[in-house]
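Thanks for coming, everyone. I'll keep this short. Please have a look at the model on the screen.

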Amino acid sequence: MVFLFWKYPIAFFTVKWLILTALVGILVGSASALFLVCLDWATHYRETHLWIVALLPLAGLMIGCMYHYFGKELEAGNNLLLENINRPFKIISLKMAPFVLIGTIATHLFGGSAGREGTALQIGGSISDQFTRILGLRPRDRRLILIAGIAAGFGSVFGTPLAGGVFGLEVFLIGSIRYDALLPAFAAATFADMITRAWQVGHTHYHIPEIPDLSIPNIGYAIIAGIAFGAASKSFSSLTHAIGGFFKRYISFPPFRPLIGGALVSAAVFALGSTRYIGLGIPVILESFQMQIPPYDFLLKIIFTAVTLGAAFKGGEVTPLFFIGATLGNALSYFIPLPVGLLAGMGFVAVFAGAANTPLACVLMGMELFGSECGVYIALACIVAYFFSGHSGIYGSQQIGQAKHLVYARSTGQKLSATRIRSRN
């Protein structure tokens, strides 16, 4: 057997990574199942005990103190994972997983506006990186197992293994894909999704009732919508980073940032008399596929989420981006003559594509969630949104492997955060 693997190294690579990704999938898929169950409980408890939103500032202070005193090295979150893929250094601490799990559940329980992808990625990345220490993996293999962990977290938390695999390949290097990570990424995402489902943890189902035939006018409408989705992506990313920078500039003690941010969000919830714009917002997303809803929903969700995440609460950006995209698509249906459900579905994935700079993953996600019949409309929206969001995004540590356009060529090889700083100067 050893001779066979020596003579056929591809066979050794395949067997090795199928075993490793199966282990990653079991651990990450189980962790995702636990996370989703806890998240459902937190959401249900909050919606049936609305007084708890008044305690959001105290929850923010608790989260801030937890990270400030016991997890300073973990504060970078998803950006820490991306930095380690692009330039491997210190192994990520396993405590990232329980820290982000506790922080995210607290954020949702007490009424913050956040998502779940960031938590899933950090759980997946921190768990998978422990194999680096256990097995003494080389830097090249460490990159692959981090990519596998990210793919496993994403694929299992959303129930989209194909999108999870491509997301792991796309997210750390804009405009380029590491093909040597194809097997680890797809295998880990598939195994993790299977394990999450084996725990009988379900996912939200979405449906686009009507998909029109392709025509030149409809393609034009899809492109116009894609431009709007790209603008929303850029606006969300810019506002979140701006609010985060404001808090860091004027509040020197980190735990006070979520304390004050939580007070702002809590006050806004009681002023509006509605929890529509906090938490994941799944009920509103489902509404946006079925009927026309208030056209300002996406703007309020941008503000609530930007303040929550800018103030350093924990969670992800992706589900709020789904909300923003679906409700923006719904608003566009007031003057773009495409079915409201189709526009909501296009926005659902396209705003995420522009903000995360992962257009291929988002196209696959759209087809996994809504069916292949809408594939061309989804692809047009995601690709246009990706280009029109420019060199901006929710992950500052993303490295630009290939510029989106020649006008951005000098940014190649830089981090998004560096291009953002240069654009301000």
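Let me start with a term. A salt bridge here is a side-chain nitrogen of Lys or Arg within 4 Å of a carboxyl oxygen of Asp or Glu. Keep in mind that this is a predicted model.

With that in hand, look at Asp-193 and Arg-197. Their side chains meet in a salt bridge, 3.0 Å from N to O. Both sit in helix H9, four residues apart, so about one helical turn separates them. Asp-193 is at 6%, so Asp-193 counts as buried. Arg-197 is at 43%, and therefore counts as partly exposed.

What does Asp-193 touch beyond its neighbours in sequence? Leaving aside residues within four places, Asp-193 is in contact with Gly-155, Ser-156, Gly-159, Thr-160, Pro-161 and His-203.

Now the helix itself. H9 runs from residue 182 to 198. H9 has 17 residues. From first C-alpha to last, H9 reaches 24 Å, close to the 24 Å expected at 1.5 Å a residue.

How many does a search of the whole structure find? Ten. Here are some others.

Asp-297 pairs with Arg-276, and their closest N and O atoms are 2.9 Å apart. This pair links distant parts of the chain, 21 residues apart. Asp-297 belongs to helix H13, residues 297-310. Arg-276 lies in the loop between helix H11 and H12. Asp-297 is at 0% relative accessible area, so Asp-297 is buried. There is also a network: salt bridges that share partners join Lys-16, Arg-138, Arg-140 and Asp-141.

Next, Glu-47 and Arg-46. They form a salt bridge too, with closest N and O atoms 3.0 Å apart. Arg-46 counts as buried, because its relative accessibility is 3%. Glu-47 has a relative accessible area of 35%, so Glu-47 is partly exposed.

On to the second largest pocket. About 320 Å³ of space lies in this pocket. Which elements give two or more residues to its lining? They are helix H2, residues 9-48, and helix H12, residues 282-288. H2 gives the most, with six residues. In total, 18 residues line the pocket. Nearest the centre of the pocket are Thr-43, Leu-280, Gly-281, Ile-282 and Pro-283. By class, the lining has seven nonpolar, six polar and five charged residues.

Methods: Residues numbered from 1 in each chain as written. Predicted model: local features only at pLDDT ≥ 70, side-chain atom pairs only at ≥ 80, totals over all residues. Heavy atoms only, no water. 1 Å grid on protein atoms, 1.4 Å probe; cavity = no way out; pocket = protein on both sides within 12 Å on 5 of 7 lines; lining within 4 Å. Points joined across faces, edges and corners; volume = space filled by probe spheres on them. Nonpolar A, V, L, I, M, F, W, Y, C, P; charged D, E, K, R; others polar. Contact = heavy atoms within 4.5 Å. Expected span 1.5 Å × (residues − 1). Buried < 20%, exposed > 50% of the residue type's maximum accessible area, 1.4 Å probe, protein only.
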